[in-house]
Amino acid sequence: MSEPVRVGSRRSIFARLHLRERMRDRDQAIYGILLLGALIYPIAIVFITGNPSYIFSAAHAGTWVLLAIGLNVVVGFAGLLDLGYAAFFAIGAYTYALFASAQLSASPLQHQYHIPFWIMMFVGLFVAAAFGAILGFPTLRLRGDYLAIVTLGFGEIVPQLAFNLDRWTGGINAIGGIDQPWLPAWITGPWAGANSIAFIQNSTCRVSWSSGFFPCFQFSFDPVAYYVLIVILIIGAVILVTNLYRSRLGRAWMAIREDEVAAAAMGINTVTTKLLAFAIGASFSGFAGAYYGASIGLVSPDNFFFIVSITVLSMVVLGGMGNISGVIVGALVIYGVLYVFLPHLPPTITDLANSLGLGSLNQVNGDWPGLGHLVERLNFLIYGLILVLVMLLRPQGLFPSRVREQELKHDAVLEDEAAIETAPAV
């Protein structure tokens, strides 16, 4: 009699957790694979290479994932084209850098502040959201290309202000010596190259409003600490954005994306709803900017040019607009191509030519720069070809949202029907 009870209890557990449905759902499967990969990656890197510094590259990729999740709110959910997204990234980074370094002592204030990272991370979020609302309020009555031009202008203004307001931002010299985050203690183990699991306190810290020091753990550009932090931030961002997508506000965004006139006729305040999309999207960028400033330790205007906005937009489009899991995959793919594949391609081609007995191709001869240098010059051509091929094969993105996928299928059916109707009768 006990066996049927155990079987029934197992079935009830599976039913309550909806495990079978989750395993069949594509997005849930992607989340599971990404989470498993995030947990295994640091252990695998330390085991294979013995050097945890490679983990910092993954932490840097996480910054781009946060940016892509935020831009997906604006572009994917609300259907607004934002070409100045890097401006909010810069605002978040400079907000943290100003209040976590000695830069303000050289400003007209003549006094420096050192506010903890955990406070300034949220301050950067709210400051970026405020600037998103300030930009959006007078401009969101515009649509399409006109809105894109306005955001493009804003994205160009912010780096130029950072260059010219050198007493505040350091100008071309940037802001360095940025404070590192700290925690009361940290757990280390084999995933960080240690022989055993232990609590560590590697420094002494104090808060700005107190003169007392206490033992603590300083991040000190520890790649594992930053990796753990960015994974936690991404998980929190995914949960928050998923709930927004399923909320009443998310449905309003999708209604505006599909047909703004019809949404307004149904009683949706389109200006306010779009303003919220702009502010929330900008807040994620400010969040990522604060993390970026702390992890790199240097905030320079060169890091926030127009190419950053285009790269993040490419991540959203390639991954699948409107689908959070697809956007994460798109961000990781673009980052892998730009920062892993392309930089390692020239030396790989050079070694391959040598191994095949074609070492003469690596020699400079007249106008021939050598095979490795030629591939290096063609990096962005290769990058463009990769994007073109992916979009030709998957115009809807790698993992599009269900709605987006159905729309494209419907458009394809309409095009086929129109072609049949216009074809001459035989």
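The accessible surface of the protein chain comes to about 22600 Å², of which 67% belongs to carbon and sulfur atoms; accessible areas come from the Shrake-Rupley method with a 1.4 Å probe, and for residues only the protein chains shown count as cover. The model is predicted: local features need pLDDT of at least 70, side-chain atom pairs count only at pLDDT 80 or more, and totals for chains, interfaces and linings use all residues. Residues are numbered from 1 along each chain as its sequence is written, and side-chain values use heavy atoms, with hydrogens and water left out.

**The chain as a whole**

- The secondary structure of the protein chain consists of 17 helices and 5 strands; helices (H or I, at least four residues) and strands (E, at least two) are DSSP runs, numbered from the N terminus.
- Of the 426 residues in the protein chain, 43% are buried. Buried means under 20% relative accessible area, exposed means over 50%, and partly exposed lies in between (1.4 Å probe, protein chains only).
- Among contacts in the protein chain with a separation of 6 or more, 71% join residues 24 or more positions apart. A contact means heavy atoms within 4.5 Å.

**Helix H16**

- Helix H16 covers residues 379-393, which is 15 residues, and it reaches 21 Å from its first C-alpha to its last, close to the 21 Å expected at 1.5 Å a residue. The expected span of a helix is 1.5 Å times one less than its number of residues.
- Asn 379, Tyr 383 and Leu 387 are buried in H16. Seen down the axis of H16, its buried residues fall within an arc of 75 degrees, so they line one face of the helix; the arc is that of the directions from the helix axis to the C-beta atoms.
- An α-helix has 3.6 residues a turn, so residues three or four places apart point the same way.
- The buried residues of H16 pack against helix H13 (306-319), helix H14 (324-355) and helix H15 (371-377).
- On the other side of H16, the exposed residues are Leu 381, Leu 389, Leu 392 and Leu 393.

- Helix H5 (residues 85-98) has 14 residues, which should span 20 Å at 1.5 Å a residue; its end C-alpha atoms are 21 Å apart, which agrees.
- H5 is mostly covered, with 14 of its 14 residues buried.
- The loop between H5 and helix H6 (117-139) contains Tyr 113, and Gln 110 lies in the loop between H5 and H6 as well.
- Tyr 113 counts as partly exposed because its relative accessibility is 36%. Gln 110 counts as exposed because its relative accessibility is 54%.

**A nonpolar surface patch**

- Phe 99, Leu 109, Tyr 113, Ile 157, Leu 161, Leu 165 and Trp 168 form a nonpolar patch on the surface, with about 630 Å² of accessible area together.
- Patches are made of residues with over 30% relative accessible area and no salt bridge: like charges are joined within 9 Å, and nonpolar side chains (Val, Leu, Ile, Met, Phe, Trp, Tyr) within 5 Å.

**Positive phi angles**

- Most residues other than glycine have a negative phi, and most peptide bonds are trans.
- Gln 110 has a phi near 55 degrees, a positive value in a residue other than glycine.
- Ala 174 is not a glycine either, yet its phi is positive at about 65 degrees. Ala 174 is found in the loop between helix H8 (166-169) and strand E1 (182-183), and Ala 174 is buried, with a relative accessible area of 9%.

**Salt bridges**

- A search of the whole structure finds 3 salt bridges. A salt bridge is a side-chain nitrogen of Lys or Arg within 4 Å of a carboxyl oxygen of Asp or Glu.
- Side chains of opposite charge can pair when their charged atoms come close.
- Arg 26 pairs with Asp 27 in a salt bridge, the closest N and O atoms being 3.4 Å apart. Asp 27 is buried, at a relative accessible area of 17%.
- Glu 258 and Arg 257 form a salt bridge whose closest N and O atoms are 3.0 Å apart. Glu 258 counts as partly exposed at 44% relative accessibility, and Arg 257 counts as partly exposed at 24%.
- The side chains of Lys 274 and Glu 260 meet in a salt bridge (3.1 Å, N to O). Lys 274 lies in helix H12 (residues 270-296) and Glu 260 in helix H11, so the pair ties together parts that are 14 residues apart in sequence.
- Lys 274 counts as buried at 1% relative accessibility, and Glu 260 is buried with a relative accessible area of 17%.
- Not counting residues up to four places away in sequence, Glu 260 touches Arg 143, Ala 255, Thr 270 and Lys 274.
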